[in-house]
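Welcome! Here is a short briefing to read alongside the structure.

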Amino acid sequence: MDFSNLIDKLIDGDTRAAARLITLVENDIQAAEKIINSIYKYTGNAYILGITGAPGSGKSTFISTLTKRLITQGKKIGIICVDPTSPLSGGALLGDRICMKENFSLDNVFIRSMANRMQLGGLARATEDTIKILDAYGCDIIIVETVGVGQSEVDIFKSAHTVVVLLVPGLGDDIQAIKAGIMEITDIFVINKMDLVGADKKVADITQMLELGMNFKYSEEKTETNFAKIKQWTPEIVKVNSKTGENFEELLGIIEKHKNFLSSSGIIAIYKINRIKNETFQILKYKLTKKVEKLLSTNSLIEDYIKLVMDKSLDPYSMANLIIQLLGME
Amino acid sequence: MSESRKIKVLVTKPGLDGHDRGAKVLARALRDAGMEVIYTGIHQTPDDIVNTIIQEDPDAVMLSMLSGAHNALCPVIMEKLKANGIDDVLVGVGGIIPDEDKPLLKKHGLQGFYGPGTELKEIVEFVKNNLKR
């Protein structure tokens with residue numbers, strides 16, 4: 001299939017072409033490969049803002065209010081909302097638009113809902129490609145809303161320049177705040193629904209959590225440069241009300257500050273290297289997994305191996321090594 | 001097309017109609033049939049709906065209407081789709097559509113007309129069998 005017509009239109013800022021290309025990269029990895037191959041040179045201009053948080057923490061409403069502010073600055077905004085795919089039916093209910101009630105114009109806001117298609121980590125396989133399409137389409141800022149996350153869905157950290165984690169009053173105690181995972185990858189903590197009881201307690205919990213780590217930063221040899229973004233930045237905390245827009249000016253200031261920090265500290269360069277590494281790794285993982293799946297379902301030796309493992313004359317690790325040899329990858 | 005082609009459906013409620021139990025039941029049924037369903041919520045203007053269709057690029061759109069405003073709103077939606085060059089999306093309508101109104105809506109390209117008591121399976125099959133791409 002030839003995508004050059006759609007790609008020309010995309011570069012000219014055609015909304016339907018962007019939408020159609022996103023459908024293609026979602027459904028077909030071969031199409032994705034060709035499309036990204038053609039548009040990659042047009043990408044790299046957008047600022048990527050990751051928004052994550054527990055289900056019901058108010059991510060969609062928050063993004064709607066934030067977007068309203070950003071477009072007054074003349075920015076063109078792309079929004080990608082990821083929701084979970086059903087493990088039972090393979091279907092999905094994508095409901096993030098319900099909470100984005102502002103009537104945004106097509107000219108400056110592009111919203112796209114996306115099912116994660118069972119990918120772990122909070123994003124979909126096609127999310128990175130979609131970011132690139134919206135980048136080439138001309139978005140200045142791309143906001144990525146992850147699925148409602150628990151504690152360990154941290155993939156957004158690898159894609160976004162700035163990661164905002166939404167917390168709400170009344171969920172979790174101070175021990176939750178020092179657990180590993182999502183609390184560690186945060187650049188900005190937003191305490192949403194600040195009008196609820198417990199908002200100040202939440203701010204205090206997070207402040208204390210950050211103070212506990214003040215005198216002991218991660219040891220160099222363990223974190224290397226992969227986490228430079230986290231090591232040198234002390235996360236900021238802000239409480240907001242997404243319904244009224246209270247404190248959003250302050251939040252925008254903090255996002256700007258983080259953006260400036262990335263460039264003034266030179267960490268932006270490390271971020272770019274890490275993003276390329278991570279993306280390539282993800283693509284390799286996907287392709288190799290497909291290759292292994294194909295081998296497992298077609299190669300007649302596999303059945304023999306399984307019998308051997310059953311008889312205890314082979315163990316699963318040794319069988320895996322034999323399969324690696326079959327793949328010719330050793 | 002590929003290994004993971006999914007049917008994407010937009011379920012939406014045009015106009016000033018707050019009764020969305022039907023839309024939610026339908027969204028749930030389509031989800032359980034393995035489709036990716038976007039539900040927009042209530043109170044959508046024709047422009048909202050057309051803009052959403054442009055951005056989300058669904059295979060099918062299901063309009064849920066119980067307010068009696070179908071003759072006013074549905075043709076406007078279809079005209080706006082046409083004006084944007086969108087002709088490969090299946091548009092179905094359900095809710096309360098009196099028989100005498102159906103010819104007009106059909107003329108504008110609307111299909112389906114599922115009223116109360118319809119088996120959900122029937123609507124799922126309708127979506128699966130009438131896709132335009």
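Chain B contains five helices and five strands, where helices (H or I, at least four residues) and strands (E, at least two) are DSSP runs numbered from the N terminus. This is a predicted model, in which local features need pLDDT of at least 70 and side-chain atom pairs count only at pLDDT 80 or more, while totals for chains, interfaces and linings use all residues. Residues are numbered from 1 along each chain as its sequence is written, and chains are lettered from A and ligands numbered from 1 in the order in which they are written.

**Overall fold of chain B**

- Starting at the N terminus, the elements follow the order β-α-β-α-β-α-β-α-β-α.
- The C-alpha trace of chain B spans about 40 × 35 × 25 Å along its principal axes.
- Chain B has a radius of gyration of 14 Å, which agrees with the value near 14 Å for a compact globule of 133 residues; the radius is taken over C-alpha atoms, and the globule rule is 2.2 Å times the number of residues to the power 0.38.
- Of the 133 residues in chain B, 45% are buried, meaning that 20 or more other C-beta atoms, placed from the backbone, lie within 10 Å of a residue's own.
- Two residues are in contact if their C-beta atoms, placed from the backbone, lie within 7 Å. Among contacts in chain B between residues at least 6 apart in sequence, 74% join residues at least 24 apart.

**Where chain B meets chain A**

- Here 24 residues of chain B are in contact with 26 residues of chain A.
- On the chain B side, α1 (21-32), β2 (36-39) and α2 (46-56) each supply at least two residues.
- The largest share of that side, six residues, belongs to α2(B).
- Sorted by class, the side of chain B that touches chain A has nine nonpolar, eight polar and seven charged residues. Ala, Val, Leu, Ile, Met, Phe, Trp, Tyr, Cys and Pro count as nonpolar, Asp, Glu, Lys and Arg as charged, and the others, Gly among them, as polar.
- Strand β3 (residues 92-94) of chain A pairs with β2(B) in the parallel sense over three bridges; strands pair if DSSP finds at least two bridges between them.
- Opposite I38(B) in β2(B) stands L94(A).

**A helix pair within chain B**

- Helix α5 (residues 120-129) of chain B packs against α1(B) at an angle of about 65°, with the axes 10 Å apart. Axes are lines fitted to C-alpha atoms, for helices over the stretch in contact, and angles run from 0 to 180 degrees between N-to-C directions.
- From α1(B), L26(B), A29(B) and L30(B) meet L120(B), I123(B), V124(B) and V127(B) of α5(B).
- This contact of α1(B) with α5(B) has seven nonpolar, no polar and no charged residues.

Technical notes
Buried ≥ 20, exposed ≤ 12 C-beta atoms within 10 Å, placed from the backbone.
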